[in-house]
Amino acid sequence: RDSKNNRKSNLRLCDKRQNAHNSRKRSCPCTSSAKGVHARRDRPEGSRRWVMQFKAGDVRLRESFRTEAEAAAAYDRACELAGEFAAPNSELASRKT
């Protein structure tokens with residue numbers, strides 16, 4: 001899908017919740033470069049754990065991982081629950097180039 005192509009043939013019907021799954025990572029001063037991943041602040045930096053959070057409808061996932069990459073990969077796997085509207089981190093990285 002081409003995100004800059006707004007012709008009717010390229011658009012799809014969705015509700016507000018489905019459209020939110022397709023969003024990019026916010027450009028705030030965050031601890032992680034991956035969408036849906038953040039560092040726990042209650043631990044010292046050397047033993048810091050990374051948390052993946054994902055929500056799709058009634059399904060909510062929150063898991064803790066040792067590395068940021070493991071948490072980002074878990075978020076990508078969780079994106080399968082959102083179907084075609086999900087924007088996994090691997091897809092977001094390819095959009096930047």
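## Overall architecture

The structure described here is a predicted model. The protein chain holds 3 helices and 3 strands, and, read from the N terminus on, these elements follow the order α-β-β-β-α-α.

Of the 97 residues of the protein chain, 29% count as buried. Among the contacts between residues at least 6 apart in sequence, 35% join residues that are at least 24 apart.

## The largest nonpolar core

The largest nonpolar core has 16 residues, and those that touch the most other members are Val 37, Met 52, Phe 54 and Ala 71. Two or more residues are given to this core by each of β1 (37–39), β2 (50–56) and α2 (68–78), and it is α2 that gives the most, with 5 residues.

## The two sides of helix α2

The buried residues of α2 are Ala 71, Ala 72, Ala 74, Tyr 75 and Ala 78. Because these buried residues fall within an arc of 160° when seen down the axis of α2, they line one face of the helix. On the other side of α2, Ala 69 and Arg 77 are exposed.

The C-alpha atom of Ala 73 is separated by 8.8 Å from that of Pro 88, a residue 15 places away along the chain.

## An aromatic pair between β2 and α2

The structure holds 1 aromatic pair, formed by Phe 54 and Tyr 75 in an edge-to-face arrangement, with 5.5 Å from centre to centre and 75° between the planes. The pair links distant parts of the chain, since Phe 54 belongs to strand β2 and Tyr 75 to helix α2, and the two residues are 21 residues apart.

Both Phe 54 and Tyr 75 are buried. Phe 54 is also one of the residues that touch the most other members of the largest nonpolar core, while Tyr 75 is among the buried residues of α2.

Asn 5 is found in the segment before α1 (16–21). With a relative accessible area of 16%, Asn 5 is classed as buried, because the limit for that class is under 20%.

The side chain of Asn 5 reaches the backbone nitrogen of Arg 7 at 3.0 Å. When residues up to four places away in sequence are not counted, Asn 5 touches Asn 10 and Leu 11.

## Ser 33 in the loop between α1 and β1

Is Ser 33, at 61% relative accessibility, buried or exposed? Ser 33, which is found in the loop between α1 and β1, counts as exposed at that value, because the exposed class begins over 50%.

Ser 33 and Glu 68 are 35 residues apart in sequence, and their separation in space is 8.7 Å, taken from C-alpha to C-alpha.

Conventions. Residues numbered from 1 in each chain as written. Predicted model: local features only at pLDDT ≥ 70, side-chain atom pairs only at ≥ 80, totals over all residues. Heavy atoms only, no water. Core = buried A, V, L, I, M, F, W, Y, C linked by side-chain atoms within 4.5 Å. Buried < 20%, exposed > 50% of the residue type's maximum accessible area, 1.4 Å probe, protein only. Helix = DSSP H or I, 4+ residues; strand = E, 2+ residues; numbered from the N terminus. Phe/Tyr/Trp six-rings, centres within 6.5 Å; stacked < 30°, edge-to-face > 60°. Polar contact = N/O pair within 3.5 Å; in protein donor to acceptor, adjacent residues only side chain to side chain. Contact = heavy atoms within 4.5 Å. Arc of directions from axis to C-beta.
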